[in-house]
Amino acid sequence: MANYCDNCGCRKLNGYCTGCEEEAYIAFVQAPDYEFSEPFMEKAWQQEKDRNKGGDHA
Ligand SMILES: [Zn+2]
């Protein structure tokens, strides 16, 4: 259950939803050494922040 996204129901990989948190997943899990564009990283960090808030208490 914890392995599925609360928002879209996609399976999470390494704690990231590849649907809602695609940028964060790519930037922090798939290719952490790769230099992404600034807008991409902004989106990734935003997703990372939202992720850490914990969606449990909507
Ligand atoms: Zn999702």
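User: Hi! How much of the protein chain is buried?
Analyst: Hi! In this predicted model, buried residues make up 16% of the 58 residues in the protein chain.

User: Okay, and what secondary structure does the protein chain have?
Analyst: There are two helices and two strands. Going along the sequence, they follow the pattern β-β-α-α.

User: Which residues of helix α1 are buried?
Analyst: Helix α1 covers residues 22-30, and its buried residues are Glu-23, Ala-24, Tyr-25 and Ala-27.

User: What covers them?
Analyst: The cover over the buried residues of α1 includes both β1 (12-13) and β2 (16-17), along with α2 (38-53).

User: Which residues make up the largest nonpolar core?
Analyst: That core has six residues in all: Tyr-16, Cys-17, Ala-24, Tyr-25, Ala-27 and Ala-44. Two elements, β2 and α1, each give two or more residues to this core. The largest share comes from α1, with three residues.

User: Why would nonpolar side chains be buried together?
Analyst: As a general rule, that is what they tend to do in soluble globular proteins.

User: Let me pick on Cys-17. What is Cys-17 in contact with?
Analyst: If you leave aside neighbours within four places in sequence, Cys-17 is in contact with Cys-5, Cys-8, Cys-10 and Lys-12.

User: Switching to the helices: at what angle do α1 and α2 pack?
Analyst: The angle is about 100°, and the axes of α1 and α2 are 8 Å apart. Angles of 65 to 115 degrees count as roughly perpendicular, so α1 is roughly perpendicular to α2.

User: Which residues make the contact?
Analyst: From α1 you have Glu-23, Ala-24, Ala-27 and Phe-28. From α2 you have Phe-40, Met-41, Lys-43, Ala-44, Gln-47, Glu-48 and Arg-51.

User: How do those divide into nonpolar, polar and charged?
Analyst: In the contact of α1 with α2, six residues are nonpolar, one is polar and four are charged.

User: Tell me about Glu-48. What does Glu-48 touch?
Analyst: Glu-48 sits in helix α2. Not counting residues up to four places away in sequence, Glu-48 touches Ala-24 and Phe-28. Glu-48 and Phe-28 are 20 residues apart in sequence, and their C-alpha atoms are 9.1 Å apart in space.

User: Why does Glu-48 count as partly exposed?
Analyst: Because Glu-48 has 17 C-beta neighbours inside 10 Å. A residue needs 20 or more to be buried and 12 or fewer to be exposed, and partly exposed is in between.

User: And where is Asn-14 found?
Analyst: Asn-14 is in the loop between β1 and β2. Although Asn-14 is not a glycine, it has a positive phi of about 55°.

User: Is Asn-14 buried or exposed?
Analyst: Asn-14 is exposed, because 9 other C-beta atoms lie within 10 Å.

User: How far apart are Asn-14 and Tyr-25?
Analyst: In sequence, Asn-14 and Tyr-25 are 11 residues apart. In space, they are 8.1 Å apart, C-alpha to C-alpha.

User: What share of the contacts in the protein chain comes from residues 24 or more positions apart?
Analyst: Taking the contacts with a separation of 6 or more, residues 24 or more positions apart account for 16%.

User: Where is confidence lowest, and where is it highest?
Analyst: Confidence is lowest in β1, with a mean of 93, and highest in α1, at 96.

Terms used:
Residues numbered from 1 in each chain as written. Predicted model: local features only at pLDDT ≥ 70, side-chain atom pairs only at ≥ 80, totals over all residues. Helix = DSSP H or I, 4+ residues; strand = E, 2+ residues; numbered from the N terminus. Contact = placed C-beta atoms within 7 Å. Core = buried A, V, L, I, M, F, W, Y, C linked by C-beta atoms within 7 Å. Axes fitted to C-alpha atoms, helices over the stretch in contact; angles between N-to-C directions. Parallel < 35°, antiparallel > 145°, perpendicular 65-115°, else oblique. Nonpolar A, V, L, I, M, F, W, Y, C, P; charged D, E, K, R; others polar. pLDDT = per-residue confidence, 0-100.
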